[in-house]
Amino acid sequence: MDQPIVYAVKHKNVDVRMASRSGGIFTAVSDAVLEKGGTVYGCILRDGVNAVHIRAISKEERDRMHGSKYIQSNMGDTFLQVREDLAAGRKVLFSGTSCQVAGLKAFLGKDYGGQLFCLDILCHGVPSPLVWKKYVQWQEGHYGGTCVDADFRNKKDFGWDEHVETLTLQKPDGTTETVHSKIFRNLFYSHKIIRESCYYCPYKDITHPSDMTIGDFWRVEKAVSGFDDNMGVSLVLVNTEHAKDMFDTVKKNLEFFPCRIEDSMQTPLKKPFRRPEGRDEFWRDFREQPFDFIANKYGHYSRENEQRLLRIAKEHAAAPKKHFMGGFFAGLKKQFGYSGNRQK
Ligand SMILES: Cc1cc2nc3c(=O)[nH]c(=O)nc-3n(C[C@H](O)[C@H](O)[C@H](O)COP(=O)(O)OP(=O)(O)OC[C@H]3O[C@@H](n4cnc5c(N)ncnc54)[C@H](O)[C@@H]3O)c2cc1C
Ligand code: SF4
């Protein structure tokens, strides 16, 4: 197909949507593959620190893939496993960044037709896992605990369009402490910690190497008025006939609207992010300075901000369910001047 078919999509199950980064299209597609006895490949976060690709044959294992991990995922031997699954005649869904999909296809070296479904995420660029690790260790040191879980963009407490990372720390006395912050997010959006190759990414276009491309449908209100409820909307690009069939199979589980590509454009569909000035200085500082220095200089860190975010999360937890998202977050925006943070 010369141009993708574009949809704004929400999974009909609100719990699925809340567990997902955007509108939950990944769950709909992976459910369809698993229900046919297929296997699903995608990224999980292990021990709160390591992003790795794994193979799932059940919905429980697949659920660990929910949520965006804003660091480069370690592929391990998943390409080999995909090839074995295909050779055994299984249906396979592979999900990852566009370059991971292109890498898999180059590795396989042949067309598996309808047996292999590739799904790529719209990709801002992948930050360095080492910076994430140092950041987590620094928070562990401050709070005296071990990180057991992390949410790179906590939608449940702050809404879809905000960007707050949340760490769950296990303390030596058995209690847990939750830390909300924007330090890693600030490092990410400075573009100083994304991989060098991401500044020259060849997939920053409306055409992609996968069957289906998925992302956050920022400014969806422009395309479909009244669809945004701050719980997440997926942008879905149907790139191939195979993806058209897949969309027909899963659409019974979705609320969706066809859209114009012009109304869904964001930078990763147009061009790579520019290599920022000061990138080399950042890496020099990162090698030579303690993380405290990095958090202050590049992460705009303040403990007051972390306390403020904790208050917001507590207020959200205590808010009556009927105010969930819409009412609660509208109130927050008024009270704290939240501006939303839709990366274009
Ligand atoms: C590094 C990164 C950059 C992103 N940049 C953009 C962007 O610029 N614009 C935009 O609209 N959306 C971006 N996204 C978000 C992405 O679009 C969502 O992950 C996608 O919409 C999936 O949402 P979902 O609701 O279907 O489901 P979810 O169930 O949350 O989907 C999770 C999917 O993301 C994959 N995934 C998670 N982390 C990684 C990782 N580190 N490497 C490879 N695959 C991963 C999983 O394998 C799974 O397929 C980015 C995500 C990541 C991880
Ligand atoms: S920006 Fe491009 S090169 Fe970088 S991880 Fe994403 S798809 Fe790969």
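These points cover the domains, sheets, helix packing and ligand shells of a predicted model.

1. Conventions. Residues are numbered from 1 along each chain as its sequence is written, while chains are lettered from A and ligands numbered from 1 in the order in which they are written. Because the model is predicted, local features need pLDDT of at least 70 and side-chain atom pairs count only at pLDDT 80 or more, whereas totals for chains, interfaces and linings use all residues.

2. Domains. The assignment for the protein chain gives domain 1 (5–121 + 209–269) and domain 2 (129–192 + 275–336). Such bounds come from an automatic or database domain assignment. The centres of domain 1 and domain 2, taken over C-alpha atoms, are 26 Å apart. At the interface, 16 residues of domain 1 are in contact with 21 residues of domain 2 (contact: C-beta atoms, placed from the backbone, within 7 Å). The side of domain 1 that touches domain 2 has seven nonpolar, six polar and three charged residues. Here Ala, Val, Leu, Ile, Met, Phe, Trp, Tyr, Cys and Pro count as nonpolar, Asp, Glu, Lys and Arg as charged, and the others, Gly among them, as polar.

3. The eight-stranded sheet. This open sheet has the order S3-S2-S4-S5-S9-S10-S1-S11 and mixed pairing. Strands (E, at least two residues) and helices (H or I, at least four) are DSSP runs, numbered from the N terminus; two strands pair if DSSP finds at least two bridges between them. S3 and strand S11 (254–259) are the edge strands, each with a single partner, so one side of each has no neighbour in the sheet. From one strand to the next, the twist averages 30°. Helix H4 (residues 78–87) packs on the sheet, touching S2, S3, S4 and S5, and its direction makes about 160° with that of S4. Axes are lines fitted to C-alpha atoms, for helices over the stretch in contact, and angles run from 0 to 180 degrees between N-to-C directions.

4. Pairings within it. S2 and strand S3 (residues 50–56) run antiparallel, joined by seven bridges. Tyr41 has Arg55 in S3 as its bridge partner. S2 and S3 form a hairpin with three residues between them, and Asp47 in the turn has a positive phi of about 55°. Strand S5 (residues 116–121) and S9 run parallel, with three bridges. Ile121 has Ile214 in S9 as its bridge partner.

5. The three-stranded sheet. This one is also open, with order S6-S7-S8 and antiparallel pairing. Neighbouring strands are turned by 25° against each other on average, direction ignored. Six bridges link strand S7 (residues 165–170) and S8. Thr168 stands opposite Thr178 in S8. Helix H6 (residues 129–143) packs on this sheet, touching S6, S7 and S8.

6. H2 against H10. The axes of H2 and helix H10 (residues 241–250) come within 10 Å and cross at roughly 95°. The two helices H2 and H10 are therefore roughly perpendicular (65 to 115 degrees). Ala28, Val29 and Ala32 in H2 meet Met246, Thr249 and Val250 in H10. That contact has five nonpolar residues, one polar and no charged.

7. Ligand 1. Its shell has 34 residues, of which Ser20, Gly42, Ser95, His124 and Gly215 come nearest (near: C-beta atom, placed from the backbone, within 6 Å). Helix H2 (25–35), strand S2 (39–46), strand S4 (92–97) and strand S9 (212–216) each supply at least two shell residues. The shell divides into 13 nonpolar, 18 polar and three charged.

8. Ligand 2. Residues around ligand 2 include Cys99, Cys123, Cys198 and Cys201. Its shell has six nonpolar, four polar and one charged residues.

Notes. Angles under 35 degrees count as roughly parallel, over 145 as roughly antiparallel, 65 to 115 as roughly perpendicular and the rest as oblique. Two residues are in contact if their C-beta atoms, placed from the backbone, lie within 7 Å.
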